[in-house]
Amino acid sequence: MPTSLIKLALPFAMLTSASAMAGSLELSSADIAQGQAMDKTQEFQGFGCTGGNLSPQLSWSGAPEETKAFAILAYDPDAPTGSGWWHWQVVNIPAETTSLPAGAGDPSKDLMPQGSVQLSNDYGSKGFGGACPPIGHGVHRYQFTVHALSQELELPENASAALTGYMINAYSIASSTIEATYQRD
């Protein structure tokens, strides 16, 4: 590349990099922490588990200006299924939303912002389904991810986790994850 083009391209590249780094999406929680064990309140109630089945409080900041909606996924890649386990799938959280209270994953509490759609988890119910790894299976990782979306998603009411994930990934413009852990002995 000729030196004159490098001189022109360098400031542009630096400007582009700076704007890409400005305002990166950050997920935080009062209830869960990166690499730390979750409390029994985030354990499922059923399938032999006796926890509180309470979705954690989540907050996020630094979303791109072009964000039109958010999605939240909670996933256990260590579940002995061959495809992991989807604990929570929420789409079309309004763009002005920056947090969800603990328990928002329980549809009966009506704590989700208007327009949000909670899809079925792998337990077969809509909303949050807590951790419930098999006894003696060791530590499982639980990935709570918020995605900033470039548009709201149109999904069928009974969308599979694969279809939901595909659509979220197709329109995700930024994401942030907290990976917490849980085990039952």
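Mean pLDDT (the predictor's confidence in each residue, from 0 to 100) is 90 for the chain, and 88% of the residues score at least 70. This is a predicted model: local features need pLDDT of at least 70, side-chain atom pairs count only at pLDDT 80 or more, and totals for chains, interfaces and linings use all residues. Residues are numbered from 1 along each chain as its sequence is written, and side-chain values use heavy atoms, leaving out hydrogens and water.

Where pLDDT is low, the predicted coordinates should not be read in detail.

Now the rings. A pair of aromatic rings is described by the distance of the centres and the angle of the planes. Rings of Phe, Tyr and Trp (its six-membered ring) pair if their centres lie within 6.5 Å; planes under 30 degrees apart are stacked, over 60 edge-to-face, the rest tilted. The structure holds eight aromatic pairs.

Take Trp60 and Phe70. Their centres lie 5.3 Å apart and their planes meet at 55 degrees, so the pair is tilted. Trp60 sits in strand β4 (residues 58-61) and Phe70 in strand β5 (residues 69-76), so the pair ties together parts 10 residues apart in sequence. Strands are DSSP runs (E, at least two residues), numbered from the N terminus. Trp60 and Phe70 are both buried, meaning under 20% relative accessible area (1.4 Å probe, protein chains only).

Next come Tyr75 and Trp86. Their ring centres are 4.3 Å apart with planes at 35 degrees, so this pair is tilted. It links distant parts of the chain: Tyr75 in strand β5 and Trp86 in strand β6 (residues 85-94), 11 residues apart. Tyr75 is buried, at 19% relative accessible area.

Finally, a cluster. Ring pairs join Phe44, Phe47, Trp85 and Tyr123.

Conventions:
Helices (H or I, at least four residues) and strands (E, at least two) are DSSP runs, numbered from the N terminus. Buried means under 20% relative accessible area, exposed over 50%, partly exposed in between (1.4 Å probe, protein chains only).
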